[in-house]
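Colleague: I would like to go through this model with you, a few residues at a time. Please show it first.

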Amino acid sequence: VFGFASLAIFTLAFGIVYRRWRFVFFPMVCCLLPSITMLGWLAYKDIPVALVTSNMPVLLFVLMLPYNVYFIERYRERRSLNPEESSMDSTLGALRAIFIPCLFSCTTTLAGFVALSTSKIIPIRDFGEMMTLGMIVGFVIVFLFLPAVFSRLKPIHVERRRDQVNANLGSRGLVRVLERCALNRPVAVLLVSMVVLLISIEGVRRLSAESKITSYFWPGSEVYEGLEFIDQELGGTTWIEVILTSDDEGFFSRKEGLEAISLAESYFESVPETGNILSLTKVRDEMRKTVRREWFPILPDSMLLKLGRLASPELIGQTANADFTMGRSTIRMQETAPTLNRKRILDGLDQHLAAHPEVFGKLNVQVTGVFPVYSQMLETLIEGQKWSAVVVPLAVYLMLILLFRSPLLALIVLIPQALPATVLLGVMGWVGIPLDLVTVMIASIAIGVGIDASIQYTMRYRAELASNGGDVREAIRRSHATVGRAIWVATSIIVAGFGILVLSEFFPSVWFGLFTALAMLISQLATLSVLPSLFLLRASRGQQ
């Protein structure tokens, strides 16, 4: 539903901006082809679309969209400046102009997805691998499909815009505002960016991975109410299993074994998020309500439990094995508890078990279940986020050095892209949105997606600088009037398309749409304000 809704908004936005069917229909087809190709590949390989990988089609569509916008803008520019040019020459000329920056932006975007493909969490790893392959397929399709179509279409006449006639008029709208800020107040732009960055870093320090399964749905929705009912009325949604194993046959049917189980469970008496507990001791206590000690004083617990196994082998089988060398306690936890903190609970359990070596030192103790597994997954997400925060910027920086042949220029291009990822994580930290399987990918996506605009802008800036004799201010004006417009058109369309996801009842989809759109918006703002400010300050020191 949201995929079709986003497609409709993307199509409408292209129609409003360009008002020609060729600039609407063919770009939409070009963006859809990589997504359809990858979905067909998943179907052929019998790979299911799951929580994380379900974001792949719309994200791949969006990543291809700017390439189409850059082509259309260059194509229209050539048609307005050279109306006598053939359609083939205009098409190939536009593609040649954008090929190198698009190639390197695609490669740097791949760095973020390659980092995800090394994750220890299989859904994230699969998503990274799919997006890596999808980006390669998408890039090839864009640069084969567009020339195959536009070179055969009838040439069009495009009226020359005022900013192409008179460079002094420059860009328009918000792009013009950002241009003036960069040209007139470059130091102020950088200082504001630094303040925003510092505030965001403090927010990053507040990030946590204490995500709850119930927090994936809006309160009041049918799914949330169902989970809440299970949580509060049926004993808890997720569970911890404490498994004790002994080499002594029948150990857990006797007094010392049952006391060991009771001692392990006693920790949860002080944990308010604890729901129901199922274990041999609980089964014995329930059986004693019927077979009381005063009625059968000579019937030991071991015999009682053996009788219970004969009467209900399924029940005893959930709490012990056949020879009672293993005892299992299943503790259900309440996900809706506002104080739930998985790490605190599990660390406390480890300390409790370690504090009684005289009992548990003789036994093999395992703590497992959905609760600790989910907690470990969230901790792995944090570790993977830290690793990506180092590796992805480094990989992007190396790519920029290869492209621009200048470590300093590469650093200048990369600096503005520290803002989107940091601001997004900072907002999550300040608002209290935890990292989960979806939000953990946003930082890598923000860096990979955002660098595309910076590369496009820098390539155009250098070309304008070379053509006007080294006038930095004029080069910035011309860059804003040309590629700046393309960047803003692409951003506006993407933000509008992703905005529809905020209506979802599934919070991961809401966060994915909201934060990806926000990442794109911040990235383009940084590209059109911070980046030219850095160019201007660099030029004031005698460097271009």
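Colleague: Which residues are linked with Arg 460 in a network of salt bridges?

Modeller: The model is a predicted one. Within helix α19 (residues 442–467), Arg 460 and Glu 464 lie 4 residues apart, about one turn of the helix. These two form a salt bridge, with their closest N and O atoms 3.0 Å apart. The network that includes Arg 460 links it with Glu 464 and Glu 77.

Colleague: Are Glu 464 and Arg 460 buried or exposed?

Modeller: The cut-off for buried is under 20% relative accessible area, and exposed means over 50%. Of these two classes, the one that holds for Glu 464 and also for Arg 460 is buried.

Colleague: How many salt bridges does the structure hold?

Modeller: The bridge between Glu 464 and Arg 460 is one of them. Another joins Glu 202 to Arg 205. The total for the structure is 15.

Colleague: How far apart are the closest N and O atoms of Glu 202 and Arg 205?

Modeller: Both residues lie in helix α8 (residues 186–205), 3 residues apart, which is about one turn of the helix. Glu 202 has 28% relative accessibility and therefore counts as partly exposed. Arg 205 counts as exposed because its relative accessibility is 63%. In their salt bridge, the closest N and O atoms are apart by 2.8 Å.

Colleague: Why does Thr 325 count as buried?

Modeller: Thr 325 is placed in the loop between α13 (313–317) and β3 (326–333). Leaving aside neighbours within four places in sequence, its contacts include Leu 244, Asp 248 and Phe 252. The cut-off for buried is under 20% relative accessible area. Thr 325 counts as buried because its relative accessibility is 12%.

Colleague: Which side chain is joined to that of Thr 325 by a polar contact of 2.8 Å?

Modeller: Thr 325 is in contact with Thr 245, Ser 246, Glu 249 and Gly 250, among others, when neighbours within four places in sequence are left aside. The polar contact asked about joins two side chains, that of Thr 325 and that of Asn 321.

Notes:
Residues are numbered from 1 along each chain as its sequence is written. This is a predicted model: local features need pLDDT of at least 70, side-chain atom pairs count only at pLDDT 80 or more; totals for chains, interfaces and linings use all residues. Side-chain values use heavy atoms; hydrogens and water are left out. Helices (H or I, at least four residues) and strands (E, at least two) are DSSP runs, numbered from the N terminus. Buried means under 20% relative accessible area, exposed over 50%, partly exposed in between (1.4 Å probe, protein chains only). A polar contact is a pair of N or O atoms within 3.5 Å; within protein, one must be able to donate a hydrogen and the other to accept it, and residues adjacent in sequence count only if both atoms are side-chain atoms. Contact means heavy atoms within 4.5 Å. A salt bridge is a side-chain nitrogen of Lys or Arg within 4 Å of a carboxyl oxygen of Asp or Glu.
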